[in-house]
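Let's walk through this one together, a question at a time. Keep the viewer open and follow along.

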Amino acid sequence: MTLGTPRMPRPASFLLLAATAAAALGCRPPPGGAPSTRHLAEARLAAPEGGRAYNLYCASCHGERGAAPDGASLVDGPALGARFATGLELLEYVEQRMPPGDRAGSLEPREYLAIAEYVLRARGLPVPRPFDRAAAAGVRLTPAGAPAR
Ligand code: HEC
């Protein structure tokens, strides 16, 4: 490529290339812990029942994205990855404890499963299909929500 583009020192061009590749693959959360709009949109498409149930039963406290008024953000907060090692641990916690108080355990098992799938997908993690308890056990959480490499 000699089209008169300004010459760039090697390290800078490498960084630019890496950043472009990462953006194209969409496999990294945006800097600063901001929620990935793309992952959220994909999760809504791939796990629509989970997305609806999440918005109905969880979003009032955990936020639809980013900001969580009460409790941590489930979509992009680091808390989830620090607290749960796998999707199954997350699912079991939610089944037993959420929504908090009297309503803990009040959702259908199917709804809890769908919500767990939605949250994992919204965090940009690779989620196997069909999504059941065994599949959840195989999904490893990471602090930033980005897939482990
Ligand atoms: C009334 C507000 C409220 C609602 C509704 C609610 N939660 Fe929570 N949630 C909390 C609070 C507060 C905590 C922190 C509790 C703790 O750490 O003991 C929490 C903790 C959690 C955690 C552990 C992560 C963390 O922040 O430490 C998960 C996962 C979770 N909630 C998922 C859900 C899901 C899924 C739903 C919907 C089915 C839901 N919650 C509904 C308030 C809520």
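Q: Which residues come nearest to the ligand, out of the 19 around it?
A: Bear in mind that this is a predicted model. The shell around the ligand counts 19 residues. The ones that come nearest are Cys 58, Cys 61, Gly 71, Ala 72 and Met 98.

Q: Which helices each supply at least two residues of the shell around the ligand?
A: By class, that shell divides into 14 nonpolar, three polar and two charged residues. As for the helices that each supply at least two of its residues, they are α4 (59-62), α5 (79-83) and α6 (87-97).

Q: How many helices and how many strands does the protein have?
A: Reading along the sequence, you get the pattern α-α-α-α-α-α-α-α. The count is therefore eight helices and zero strands.

Q: What share of the contacts between residues at least 6 apart in sequence joins residues at least 24 apart?
A: For some background, the protein has 149 residues, and buried ones make up 30% of them. Now take the contacts between residues at least 6 apart in sequence; the share that joins residues at least 24 apart is 58%.

Q: Roughly parallel or roughly antiparallel: how does α2 run relative to α7?
A: Helix α2 (residues 37-46) and helix α7 (residues 109-122) pack with their axes 8 Å apart, at an angle of about 150°. Angles over 145 degrees count as roughly antiparallel. That makes α2, relative to α7, roughly antiparallel.

Q: Left-handed or right-handed: what is the crossing of α2 with α7, and what classes of residue make the contact?
A: The crossing of α2 past α7 is right-handed. On the α2 side, the contact is made by His 39, Leu 40, Glu 42, Ala 43 and Ala 46, and on the α7 side by Tyr 118, Arg 121 and Ala 122. Sorted by class, these are five nonpolar, one polar and two charged residues.

Q: Roughly parallel or roughly perpendicular: how do α3 and α7 lie relative to each other?
A: The axes of helix α3 (residues 48-57) and α7 are 7 Å apart, and the packing angle is about 100°. Angles from 65 to 115 degrees count as roughly perpendicular. So α3 and α7 are, relative to each other, roughly perpendicular.

Q: How many nonpolar, polar and charged residues are in the contact of α3 with α7?
A: From α3 come Glu 49, Gly 50, Gly 51, Ala 53 and Tyr 54. They meet Glu 111, Ala 114, Ile 115, Glu 117, Tyr 118 and Val 119 in α7. Split by class, the contact has six nonpolar, two polar and three charged residues.

Q: Which helices do the buried residues of α3 pack against?
A: The buried residues in α3 are Gly 50, Gly 51, Ala 53 and Tyr 54. An α-helix has 3.6 residues a turn, so residues three or four places apart point the same way. The buried residues of α3 pack against α2, α4 and α7.

Q: Roughly antiparallel or oblique: how does α6 sit relative to α7?
A: The axes of α6 and α7 come within 10 Å and cross at roughly 135°. Angles have to be over 145 degrees to count as roughly antiparallel. That makes α6, relative to α7, oblique.

Q: What classes of residue make up the contact of α6 with α7?
A: The crossing of this pair, α6 and α7, is right-handed. Gly 87, Leu 90, Leu 91, Val 94 and Glu 95 of α6 make the contact with Tyr 112, Leu 113, Ile 115, Ala 116 and Leu 120 of α7. By class that gives eight nonpolar, one polar and one charged residues.

Q: Where is Pro 99, which a cis peptide bond joins to Met 98?
A: Omega for the cis bond between Met 98 and Pro 99 is about -15°. Met 98 is also one of the residues that come nearest to the ligand. As for Pro 99, look in the loop between α6 and α7.

Q: Cis or trans: what is the peptide bond from Arg 129 to Pro 130?
A: You'll find Pro 130 in the loop between α7 and α8. Omega for the bond from Arg 129 is near -10°, and the bond is cis.

Q: Partly exposed or buried: what is Pro 143?
A: Pro 143 sits in the segment after α8 (133-137). Leaving aside neighbours within four places in sequence, Pro 143 is in contact with Pro 78, Gly 81 and Ala 82. With 13 other C-beta atoms within 10 Å, Pro 143 is partly exposed.

Key:
Residues numbered from 1 in each chain as written. Predicted model: local features only at pLDDT ≥ 70, side-chain atom pairs only at ≥ 80, totals over all residues. Axes fitted to C-alpha atoms, helices over the stretch in contact; angles between N-to-C directions. Helix = DSSP H or I, 4+ residues; strand = E, 2+ residues; numbered from the N terminus. Parallel < 35°, antiparallel > 145°, perpendicular 65-115°, else oblique. Left-handed = near helix turned anticlockwise from the far one by under 90°. Contact = placed C-beta atoms within 7 Å. Nonpolar A, V, L, I, M, F, W, Y, C, P; charged D, E, K, R; others polar. Near = placed C-beta within 6 Å. Buried ≥ 20, exposed ≤ 12 C-beta atoms within 10 Å, placed from the backbone.
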